[in-house]
Amino acid sequence: MRTTPITADLVRGALDLEYTERGVLLHRLPARARQQIPDDQLAMAESQPSGVRLVFRTAATIVELDVIATKRFLVGVPPRPDGVYELLVDGRLAGQASVSEGDTISVDMATGARTHQLGPVRTLRFAGLPADEKDVEIWLPHNETTRLVALRTDATVHKAPSSGRKTWLHHGSSISQGSNAATPTGIWPATAAALAGVELVNLGFGGSALLDPFTARAMRDTAAALISVKIGINVVNADLMRLRAFGPAVHGFLDTIREGHPSTPLLVVSPIHCPIHEHTPGPGQFDPDGLREGKVRFRATGDPAETAAGKLTLTVIRGELTRIVKERSTTDPNLRYVDGLELYGEADHAGLPLPDRLHPDAATHRLIGERFAKHLVIGGS
C-alpha cells in the first residue's frame, strides 16, 4: 500500500485546508472569514464537508482512508446515524462506509453545556475496485466534521484531469447543507449538480444562512460560472432582523458578490414551503414535547400579528426577494429569481411532509435537486 499526501490538488468543494497534528481539516470558509465567525453553530457547520470530495485517478483496486470523525450528540435525543462516505468510480457509486467512533461533542439542550472528548483514528476500506485506470471520488459526510489522516492505495495516485465541467457556487441553510438527507451525494445540491453536469461548491451552512458579510466576501473571491443564494429560513427562525434591515442586507450581500462576479449568472432563491414559518415569525425552537419523547421537532414561537411591526415570515421574505430582484434586474440582466415554492410547495408537503417540521427527508432532497437542475444551465451547457 502506498500513502499519498492529502493536498489541495486532491480536494474539490473546500475553500481551505488546515493541516493539524491530527490530520487535515477541510473548511468551506476561508481563514479570514473563520476569524469573524460569531458562534459555535457556524464554526461547526463550515467544518462539516458537505459537497467536499477527494478526487484522483488511479489503477488501485484497494483504497483506504484514515479519518477522525466528530460525532455530535444532543443529550436525551437518540444519536444521529453515522456519517456516510461514498466512493464513486467514473461517476458511479461503487461503495459506502462509515465509522462509529471518533471525537465526540455532547450538547445539553437544557443548559447549553458542551463537552468535547478526543477519539480514535478509524480506517475506511474500499476493495475490489476495477484494476484499470479510473477516476475515483470519495464524497465526505455532509453532516459530520472529518479530519483526513492518511490516504493509502495499492497503486499510484495521480491528480485527476480537469472534468471540463463549470463550477456552481451555492449558499444556503441546513437544507442546502443536507439536513435529513441520507448520503453526501443525496443532498439536493449534489443531486442537482450531478444532473446538470456541473462542479459543486456548497456553502450551505446549518442555521447560518444569515447574510453574513464574510460569507459574501468568500463568494466574491471564489471562482464560479454560476452562483445561487438561497435566503430566508434561517433569517426567520433565528428572528435575526426586521423588514427594515432585511432589504438592505440582501442588497449588500448581492453587491459584495457582484464585486467579484459582475456578470456571472446569479440566482436568488426564496424559501421552500415550511408550514410552521409561512405566516408565523421566529424564533424557531426545539419542540420540548418532542424532546421529552426523544424526537427532534421544531416549532415557531412568534406572533403572526407582529408582522405588522416588521417581523419576518417566509411569506414576507418571498415578497421582498421578488421585489428586490425585479428592481435590480433592470440594471443586472444576469440576476434571476427562483421561487422556492416551485422546488417544494404546499402540494408537495401533503405527500412528502417535513419529518421534523423544518428539514426535507431523503426523497424530498431528491425532488428538490431534480427540480433545481433545470436552473443550472450555464452558457448553453
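**Close-up 1. The crossing of helices α5 and α7 is right-handed.** In this predicted model, helix α5 (residues 213-220) packs against helix α7 (residues 243-260) at an angle of about 25°, and their axes are 7 Å apart. The two helices, α5 and α7, are therefore roughly parallel to each other, given that angles under 35 degrees are counted in this way.

**Close-up 2. Residues of α5 meet residues of α7.** On the α5 side the contact is made by T215, A216, R217, M219 and R220, which meet F253, T256, I257, E259 and G260 of α7. Sorted by class, the contact of α5 with α7 comprises four nonpolar, three polar and three charged residues.

**Close-up 3. W168 and W188 form a tilted aromatic pair.** A search of the whole structure finds four aromatic pairs, and in the pair of W168 with W188 the separation is 6.2 Å centre to centre, with 45° between the planes. Because W168 lies in strand β15 (residues 167-172) and W188 in helix α4 (residues 188-196), the pair ties together parts that are 20 residues apart in sequence. Both W168 and W188 are buried.

**Close-up 4. The rings of W168 and F372 are stacked.** The ring centres of W168 and F372 are 5.5 Å apart and their planes stand at 25°, so the pair counts as stacked, the cut-off being planes under 30 degrees apart. Since F372 belongs to helix α13 (residues 362-372) and W168 to strand β15, this pair ties together parts that are 204 residues apart in sequence. With 0% relative accessibility, F372 counts as buried, and W168, at 0% relative accessibility, also counts as buried.

**Close-up 5. Ring pairs link W168, W188 and F372 into a cluster.**

Note on methods:
Residues numbered from 1 in each chain as written. Predicted model: local features only at pLDDT ≥ 70, side-chain atom pairs only at ≥ 80, totals over all residues. Heavy atoms only, no water. Axes fitted to C-alpha atoms, helices over the stretch in contact; angles between N-to-C directions. Helix = DSSP H or I, 4+ residues; strand = E, 2+ residues; numbered from the N terminus. Parallel < 35°, antiparallel > 145°, perpendicular 65-115°, else oblique. Left-handed = near helix turned anticlockwise from the far one by under 90°. Contact = heavy atoms within 4.5 Å. Nonpolar A, V, L, I, M, F, W, Y, C, P; charged D, E, K, R; others polar. Phe/Tyr/Trp six-rings, centres within 6.5 Å; stacked < 30°, edge-to-face > 60°. Buried < 20%, exposed > 50% of the residue type's maximum accessible area, 1.4 Å probe, protein only.
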